[in-house]
Amino acid sequence: MIRKIDTQDFQLKPLGTYLVEAELITPDELDIALKTQELSGEQLGEILAIHGFVKKQTIEYFMSQVVLPERRKILKNQSYSDNAKSDRISVVESRSSIKSEDAIALLQSPHKLKVYISANKTLKFLLGVVLCLALVSLLANYNVYYLPDFPGRDIFRILFDLNREHNIPTIYSGGALLFCSILLEIIFQAQRLAKNKDVWAWRGLSIVFAGLFLDELIGLHERLTIPLRNTFNTSSFLYYAWVIAGAIFVLLFLLVFGRFVATLPRKTRRLFFIAGTIYVAGAIATELLGGYYEYYYTPDSIVYVFITTIEEVLEMLGIVIFIYALLSYISCNIKGIDIGIHIIDSRKQDQLT
């Protein structure tokens with residue numbers, strides 16, 4: 001009802017006009033945002049914030065201090081000259097005269113859940129999680145090798161051993177890879193709206209990490225070990241023969257995405273390189289060492305446990321740094337991203353359009 005009153009009955013100035021008149025954005029920036037709005041259907045303020053033309057906090061402050069007071073004044077004056085519309089205007093006045101914050105919420109959404117993600121805080125939190133998982137895994141294996149049997153000892157190891165599949169560390173690793181895929185898809189959508197070049201590389205990276213997530217869940221790479229070992233008769237460092245396929249995958253990845261990564265901002269490019277180096281050092285280099293030790297010695301020793309722990313921790317650290325790189329890129333180069341989820345009652349949808 002408010003939208004119909006604003007745009008049809010009283011012909012109030014749109015938000016973009018206010019922002020241009022206040023010199024917060026330029027006419028060209030408004031034109032870009034309006035064209036993007038025609039394609040995406042998103043709110044104008046959201047599009048302006050995504051493009052980095054103006055901060056969302058600035059828009060909200062401008063709404064509360066300038067736009068809403070002026071609109072309330074117009075509505076109030078109009079109510080004296082048109083008694084037929086006074087009832088509807090009074091409804092708007094009663095809802096928006098208490099607090100400007102309430103009026104903003106009324107114009108935007110009935111309910112809002114805001115979650116703010118900081119790159120630095122996320123980095124610290126995930127590093128803490130990785131450290132805890134590593135320590136708990138070492139403790140679980142220490143109990144098996146050096147302490148007498150006690151109730152729950154084996155279950156404790158099964159749940160937290162980094163070298164095992166389908167347990168708590170696996171859930172964390174899979175979740176981290178999935179989070180990377182989601183962040184990459186979000187960047188792709190933002191870059192696509194901005195019509196930037198190399199936008200499809202972000203979609204490609206998102207697909208790659210979605211595949212790594214699925215591999216973490218089902219352990220596809222480990223299923224390749226026996227077939228490849230039998231085919232190439234591998235031993236020693238190549239006892240875990242799946243590293244052959246892993247090395248080929250890394251080379252293909254560099255060929256496909258290497259040029260794109262080289263065009264990224266300096267900080268992002270450096271973080272991508274560090275994250276990739278650490279991840280490959282754990283997933284392939286340390287795996288070679290673990291295969292060598294198992295082939296010539298035994299996997300049932302605390303030394304092997306340390307090797308596999310280093311391997312898994314390096315993989316986790318590589319993903320943590322990559323997540324930090326993506327969040328930093330979003331913060332610095334896209335001016336942050338706001339994601340809205342709107343669930344509309346189908347019976348009321350016609351009333352809102």
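In this predicted model, helices α11 and α14 run roughly antiparallel to each other. Helix α11 covers residues 199-218 and helix α14 covers residues 242-262, and the two pack at an angle of about 155°, with their axes 10 Å apart. Because angles over 145 degrees count as roughly antiparallel, the pair of α11 and α14 falls into that class. The crossing of α11 and α14 is left-handed.

On the α11 side, the contact is formed by Ala201, Trp202, Gly204, Leu205 and Val208. Helix α14 meets these residues with Phe249, Phe253, Phe257 and Phe260.

Leaving aside residues up to four places away in sequence, Trp202 touches Leu184, Ile187, Phe188, Gln191, Phe260, Leu264, Phe272, Leu326 and Tyr329. Trp202 also belongs to the largest nonpolar core, which has 45 residues. Along with Tyr172, Phe209, Phe272, Phe322, Ile323 and Leu326, Trp202 is listed among the residues with the most contacts inside that core.

Several helices build this core: two or more residues each come from α8 (119-146), α10 (168-194), α11, α14, α15 (266-296) and α16 (302-333). The most is given by α16, with 13 residues.

Methods:
Residues numbered from 1 in each chain as written. Predicted model: local features only at pLDDT ≥ 70, side-chain atom pairs only at ≥ 80, totals over all residues. Heavy atoms only, no water. Axes fitted to C-alpha atoms, helices over the stretch in contact; angles between N-to-C directions. Helix = DSSP H or I, 4+ residues; strand = E, 2+ residues; numbered from the N terminus. Parallel < 35°, antiparallel > 145°, perpendicular 65-115°, else oblique. Left-handed = near helix turned anticlockwise from the far one by under 90°. Contact = heavy atoms within 4.5 Å. Core = buried A, V, L, I, M, F, W, Y, C linked by side-chain atoms within 4.5 Å. Buried < 20%, exposed > 50% of the residue type's maximum accessible area, 1.4 Å probe, protein only.
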